[in-house]
Each structure stands twice: as C-alpha cells, then as structure tokens.
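We will go from stop to stop, and at each one you will hear what to select and what to look for.

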Amino acid sequence: MKGRRTIIRALDKYVFSEFAKIFIVTALGFPLLVNIIDLTDNLEKYIGRNISYQKIALGYLYSFPDSVFMVLPAAVLFATVFSIGALTRHSELTAAKASGISFFRFIAPIFIGAVMATCIGLLLGEVAPQTNKLRDETLGNRKKSIPTERYNFAYTTEGNRTYKIATLNQSSEGITGVLIDRRGSWPDYPEYIISVGGGTYKGSDGWMLTKGTMHLMQSDSLNISFSFDSILDRRLIEKPKELAVAPSAPTDMGFKELGEFIAAMERSGADVNVLKVERMLKIAIPVTCIVILLFGAPLATSTQRGGAAYGVGISLATTVIFLIMIQMTKAIGSKGLVPPELAAWIPSILFGVVGAVLLWRVRT
C-alpha cells in the first residue's frame with residue numbers, strides 16, 4: 001500500500017509538471033506575441049511622441065497583467081489538451097488505468113492547476129486596472145492634463161445625493177444648470193429635488209449655490225416648494241479639478257471600485273448594463289479556467305488520432321469560440337435580454353454543460 005501511494009504521488013508530480021510547463025509557455029507566450037504585433041503597428045507613433053525605448057518596453061511590460069488575464073482560460077485549455085493528449089499517445093494514461101487509477105484521479109493534478117490559474121486570474125483582475133493606467137501614462141495614451149470644462153455629467157455623493165451638472169468650468173471654479181436629487185423615505189428622511197442656476201466653489205466651506213428652487217416631498221400628497229437666493233452646500237466637497245476628471249474605463253477599475261461606480265451611475269439614472277457585465281466578467285473569466293478543464297480533458301483523450309495538429313486545432317477553435325461568446329455576452333447583457341450578471345456567465349455555463357456530457361462519456 002505504501003509503495004502504491006509513492007507511485008501515485010510521483011505520477012501526480014509528473015502530470016502536474018507536464019501541465020504546468022505548457023500552461024506557463026502559453027500564458028506568457030500569447031501575450032508576448034500580441035504585444036509584439038501591437039508594438040510593430042505603433043512603434044512609429046511612440047517614437048513620434050519622443051518616448052524612449054526604455055519607456056516603450058516598460059509600457060508593454062505594464063500591459064502584461066491584463067493580457068495574461070484574458071488568455072488564462074485558453075492557456076488552461078492548451079495545457080490540458082496537450083498534456084493529456086501526449087500522455088494518451090504515449091500510452092501512459094492506459095498504463096495508469098491498468099494500475100487501477102481512474103481517469104478522474106489521473107487528471108486531479110491538472111484540476112489543481114486549473115484552480116491555481118483561477119486564483120491567479122482573480123488576483124490579476126485587481127492588479128491589471130492599475131497597470132493599465134501606468135501603461136497608458138507611460139506610452140502617452142492617457143492625457144495627464146485635466147480638461148478645463150466638462151458638460152452634461154452626473155456625480156453622486158454619500159447620502160444618496162446625485163448632482164446632474166450641465167456645465168463645469170474649472171478656470172472660474174463655477175458650475176451652471178445643477179439639479180440635485182436626494183432619494184429618501186418618508187417621513188423621517190424625505191426626498192427632495194433642488195434646481196439651481198449656478199454655483200461657485202468656496203474652498204473648504206463647500207459650494208455656494210445661487211438662484212434655486214427646492215421641492216421637498218414628504219409624502220405622495222405633500223410637496224413643499226420654496227425658492228432661495230443662495231445656499232452653501234457643504235455636502236459637495238469635491239474641488240472643480242476633481243469634478244473635471246472623467247470617469248475611468250471599466251478596464252481601469254477593480255471589482256469593488258467598478259461596483260461603486262455602477263451604484264453611483266444607477267442612482268443618476270444611467271444605463272449600466274454593459275458595466276455590470278464587465279464587472280462580473282472579472283470573476284467569470286478566471287472561473288472559466290476550471291470549467292474549460294472539464295471541457296478540454298475528455299477531448300484531449302482523442303488527440304492521439306490526429307496528433308499535435310489535432311490538439312492545436314481543437315484548442316484554437318475553442319479559444320476563438322470562447323472569445324466570440326464573450327463579445328456576444330456583452331451585447332446580450334447590454335440590451336437587457338437577460339440579467340447582465342447572468343449574461344457574463346453564459347459562456348462558462350455552456351462550456352460547463354458540454355464538458356459534463358463529455359466527461360460522462362469518457363471511459364474511466
């Protein structure tokens with residue numbers, strides 16, 4: 001019995017090492033190839049911006065976390081198909097079965113590798129937004145200068161207060177066409193709407209709002225309105241410079257930060273379906289590493305019929321289908337055809353169902 005456990009441990013190490021070698025090469029090789037192609041297309045543009053070669057190299061180094069994040073499921077698929085396929089062609093899988101080791105026990109180290117890839121993906125999902133910002137700043141893709149004016153935007157503060165601002169002028173530190181909406185509940189915390197002609201920033205005191213009207217709604221039947229010449233709003237403490245900064249792209253925000261941004265946009269009445277899909281994909285894509293294992297492992301046992309070319313074909317075709325489904329997911333979720341959070345999981349669900357069927361048919 002002790003000798004059998006020793007053999008199984010040695011087999012686990014061997015299977016895991018075969019998986020890990022291919023996984024590392026794929027997870028780093030694909031992003032490297034993509035960056036080389038992108039550099040070839042944009043090198044002249046970067047040189048025109050007087051960016052040194054050292055900064056260009058650093059900028060592309062910053063892009064690696066995001067590139068690796070997107071390619072992780074494909075890396076797990078390639079590693080699964082090629083490692084199991086090679087073990088099948090060399091009759092090592094057959095020998096393991098003859099020794100009483102089932103197919104599911106045989107691929108257990110690969111399952112552990114897929115779980116590790118998922119954990120790496122979740123970590124990269126939080127790191128990539130920060131490195132994306134550094135990449136854009138290093139390569140000059142992100143303008144560091146803040147615009148002096150901003151038009152027609154919403155800003156939400158604590159306490160369910162949403163400011164819809166028509167014009168912000170940073171130079172004069174003023175705003176015009178302001179509508180303040182605070183959601184509340186009757187009767188202790190009533191809802192109100194304040195319409196203001198304009199306002200001026202008064203430093204640490206807040207914003208001085210002038211020529212406005214306040215509608216206080218204490219119940220469905222009681223609506224109190226009154227006009228005012230000026231009020232000092234101490235709730236809006238952000239400086240004009242801070243309000244002038246446009247919100248970051250979803251790829252530049254982590255899971256928590258994007259969730260807070262979505263909540264603020266929802267309170268201002270914006271359509272956030274696409275953002276909800278993007279946020280959930282930060283979890284769904286890493287988890288797909290486990291799902292894709294269920295799909296790739298049974299397929300890999302058939303690669304002995306076509307050799308390495310067959311494995312490459314399966315892996316590339318599956319990767320393309322997965323990427324297409326991600327784009328379709330965003331479109332379906334953005335249109336509200338299915339809940340956005342559910343839409344992000346559609347590719348994983350479909351691959352999981354197909355993988356479960358294929359696993360059920362495998363001879364163990």
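Start by selecting S348, which sits in helix α12, residues 346-361; helices (H or I, at least four residues) and strands (E, at least two) are DSSP runs, numbered from the N terminus. The model is a predicted one, in which local features need pLDDT of at least 70 and side-chain atom pairs count only at pLDDT 80 or more, while totals for chains, interfaces and linings use all residues. Residues are numbered from 1 along each chain as its sequence is written, and side-chain values use heavy atoms, with hydrogens and water left out.

Is S348 buried or exposed? With a relative accessible area of 5%, S348 is buried; buried means under 20% relative accessible area, exposed over 50%, and partly exposed in between (1.4 Å probe, protein chains only).

The side chains of S348 and T288 are joined by a polar contact of 2.6 Å. Such a contact is a pair of N or O atoms within 3.5 Å; within protein, one must be able to donate a hydrogen and the other to accept it, and residues adjacent in sequence count only if both atoms are side-chain atoms. Apart from neighbours within four places in sequence, S348 is in contact (heavy atoms within 4.5 Å) with A284, T288 and V291.

Next, show the whole of α12. From its first C-alpha to its last, this helix of 16 residues reaches 23 Å, close to the 22 Å expected at 1.5 Å a residue; the expected span is 1.5 Å times one less than the number of residues. Colour its buried residues: P347, S348, F351, G352, G355 and L359. Look down the axis of α12 and these buried residues fall within an arc of 120°, so they line one face of the helix. That arc is taken from the directions from the helix axis to the C-beta atoms. Turn to the other side of α12 to find W360 and R361 exposed.

Leave the helix and select the sheet. Six strands form an open sheet in the order β1-β2-β3-β4-β5-β6, with antiparallel pairing; two strands pair if DSSP finds at least two bridges between them. At the edges are β1 (149-157) and β6 (223-233), each pairing on one side only.

Walk across from β1:

- β1 and β2 (residues 161-169) pair in the antiparallel sense over eight bridges. Select R150, which stands opposite L168 in β2.
- β2 and β3 (residues 174-182) also pair antiparallel, over eight bridges. Here K164 stands opposite L179 in β3. In their hairpin, with four residues between the strands, look for E173 and its positive phi near 55°.
- β3 and β4 (residues 191-201) run antiparallel and are joined by eight bridges. R182 has Y192 in β4 as its bridge partner.

Stay in β4 and select I193. I193 counts as partly exposed, at 25% relative accessibility. Which residues does I193 touch, not counting residues up to four places away in sequence? I193 touches L179, I180, D181, T213, M214, H215 and M217. Draw a distance from I193 to L216: their C-alpha atoms are separated by 6.7 Å, although the two are 23 residues apart along the chain.

Finally, zoom out. The protein has twelve helices and six strands, and buried residues make up 42% of its 364 residues.
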